[in-house]
Amino acid sequence: MRITDLLDKRSIKLDAAPKTKSETLDMAVDLMDAGGKIKDKEAYKKLVYAREEESTTGVGEGIAIPHGKGDCVDKPGLAAMVIKDGVDYESLDDEPVNILFLIAAPDTEDNVHLDVLSKLSMMLMDEDFRANLINAKDEDDFLAIIDKADEERASIDEQLSGSAEGEAAAAEGDGTEKTQTTDVLPGGLKVVAVTSCPTGIAHTYMAAEGLDKAAKKIGAQIKIETRGSSGVKNELTKEDIEAADCVIVTADAKVPMDRFNGKKLIERKVADGINKADELMELAKSGDVPLYIAAAAGDSKADSAGEKEDSGSVGHKIYTWLMSGVSHMLPFVIGGGILVAIAFLIDTLAGYGASGGGDFGSITPAAALLKYIGGLAMGLMVPVLAGYIAYAIADRPGLAVGFVGGILASSGNAALGGYTFAGGTLIDGKAIGGFGEFLTKFAFQGENSGNTVSGFLGGIAAGFLAGGIVLLLQKICAKLPQAMDGIKPTLIYPLVGIFLEGIIMCFILNPLIGLANTGLSNMLTAISDAGMLTVLGLLLGAMMAIDMGGPINKAAYVFGTGMLTTAAGYLEQGMSASDPKVQACYISMAAIMVGGMVPPVGIALACWIFPKKFTKAERGSAVSNVVMGASFITEGAIPFAAADPLHVIPCTMVGAGIAGFLAALFKCTLMAPHGGVFVFATVGNPLLYVVAWLVGSIVTCVMLGIIKKPAEE
């Protein structure tokens, strides 16, 4: 079968000009339908979009190869589009797509077409071939270019095998040798590689082609095993692996790894085989590659697709562990945060925006229900963050330990103060003995102990702590008799791990943060008493954006609500609302709310203006961040801060601090403790308040664009 057997003239468009990725995919599906290859257009379109949700099919170099495989496909086919002006396709290299081939594959055992499609994928890695296609005069010329290249190029098996038979067959076609194994002098670098992707149609073979070209550039010998839909090709033998100086695995699907035990091994995503092949080959050449140690039998992590660690630097490993927690936390923040925002909106529409006070958002029954559900969802975000950081580090045994650490970080130690002991409760100071005194004054919620909630920063620490504890336990338990292997993950790891995690959280992390919060509260009171309102506004705004719902944020917020209570007391004493003391209380609350509204909005602006600084998932949450920021839900910024705290938190802190400073400078006031734009009816100088909010958000956005590093997808 030839490539042109799958391509109908009716399925080719040489002057396409879509404006968006979705418009591109819709247009390609229409072309496929016009060629008569699919029997259910809508079902096929869903398959194409579902594949795109897994990861972008824009592989870089101006190429996109979307595909769908299922019963809705009548017979295998291709649709082709040339987009001369390019279209933003969210490609792996963030460059526009100029040429697209859409694949339709039936869900049958007859996979003869897969080799043809795989061959096309490898041909597209040739820059001259792509240029000829883009400049084709008409559909006939387009097909002729493909046919000519198809004729000249060896079959997929010949390209991959590097065997004498493959070379002879290739040479017979055009008088030149076609081989996947580069000739090198004895003693040259020898590399073996494996490429694989979940679908196994295109990316697997494009990665193989990329690695082959990179090997030729440095004069290395390479043999590449591909694990695609049509099965394993060019399988590596024991002798191949033993003779290799380095192993490169670029895969997003399951690959048998035990055979590489004791070899220098680079393990990356399949996309890196396409776009970073030169970098991988240079790394292999340098020899600065860690040895691969096969996991013990039954270790699920060794066999799970998509959960493998990168074999790069320690910093990259820490980043991937952190991103595991952030990616799992993101849905809780978005879903819960928007439900809470809708609750505020319902109460506003019901007429309680200016008079709801502390109950705003839960006054009407519908609002109360949504705020309850959304609040529970958001309450899970820190435990999920910690749990999945620990899971990424120590696999399944780390999950329970991390969850418990996250719950302790988000809840603090206050609940323990309500328990009744033989000599009374801890909270009333009647606990008996030195240990009871210690609990009262330090670990639990005793007098002047401060807030022990460590929030999302504590959750990050809890996740890494949990992962470290479980790894340590695994190392210690490795010396136990084999007969005890069954009770390690079900008894020893969770029991000892949760105990150690809980002790460290309750006696070290949470209390220390509690002491810090007490000091912060005393500092804010002193500044307020001194009448330094702009300084107070600056500090309150910045505090709202450091840990976004954590202890520092809450210390500022509690201070603000306390100031509203103080203002109410002043009014009861006969002071007027315009009295400087009363105004100082309202100015403090205004600075707090504007500071809390800046981080999500500033980050959302940065996602739109500096898209390369953020991952696809982060860019997709920009709109929800605007909603949460407008609703005074600072937690919308947490996933971004958790993913890159050293760059994101300074940006949000500066922007929020400037917004708080400007709000105080403009003497903006606020008489409600919550609600964002929904309580603007209670804001004094509302136009200047919006200016302060926008200026702070823009500052955060610009700073992120300057200091944040490009995202790793």
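Which residues does Lys263 touch, not counting residues up to four places away in sequence? They are Ile241, Glu242, Ala244, Val247, Pro290, Leu291 and Tyr292, where contact means heavy atoms within 4.5 Å. Before the views, some ground rules: this is a predicted model, where local features need pLDDT of at least 70, side-chain atom pairs count only at pLDDT 80 or more, and totals for chains, interfaces and linings use all residues. Residues are numbered from 1 along each chain as its sequence is written, and side-chain values use heavy atoms, with hydrogens and water left out.

**View 1. Lys263 is a buried lysine with no salt bridge.** Buried means under 20% relative accessible area, exposed over 50%, partly exposed in between (1.4 Å probe, protein chains only). A salt bridge needs a side-chain nitrogen of Lys or Arg within 4 Å of a carboxyl oxygen of Asp or Glu. For Lys263, the nearest side chain of opposite charge is Asp245, 6.6 Å away. Lys263 lies in the loop between β10 (246-251) and β11 (265-268); strands are DSSP runs of E, at least two residues, and helices are runs of H or I, at least four, numbered from the N terminus.

**View 2. Phe632 has a positive phi, near 60°, without being a glycine.** Most residues other than glycine have a negative phi. Phe632 sits in the loop between α24 (622-630) and α25 (638-643), and counts as buried because its relative accessible area is 5%.

**View 3. Lys667 is another non-glycine with a positive phi, about 60°.** Look for Lys667 in the loop between α26 (645-665) and β14 (669-670). Lys667 counts as exposed, at 55% relative accessibility.

Technical notes: Lys and Arg count as positive and Asp and Glu as negative; His and the chain ends are not counted.
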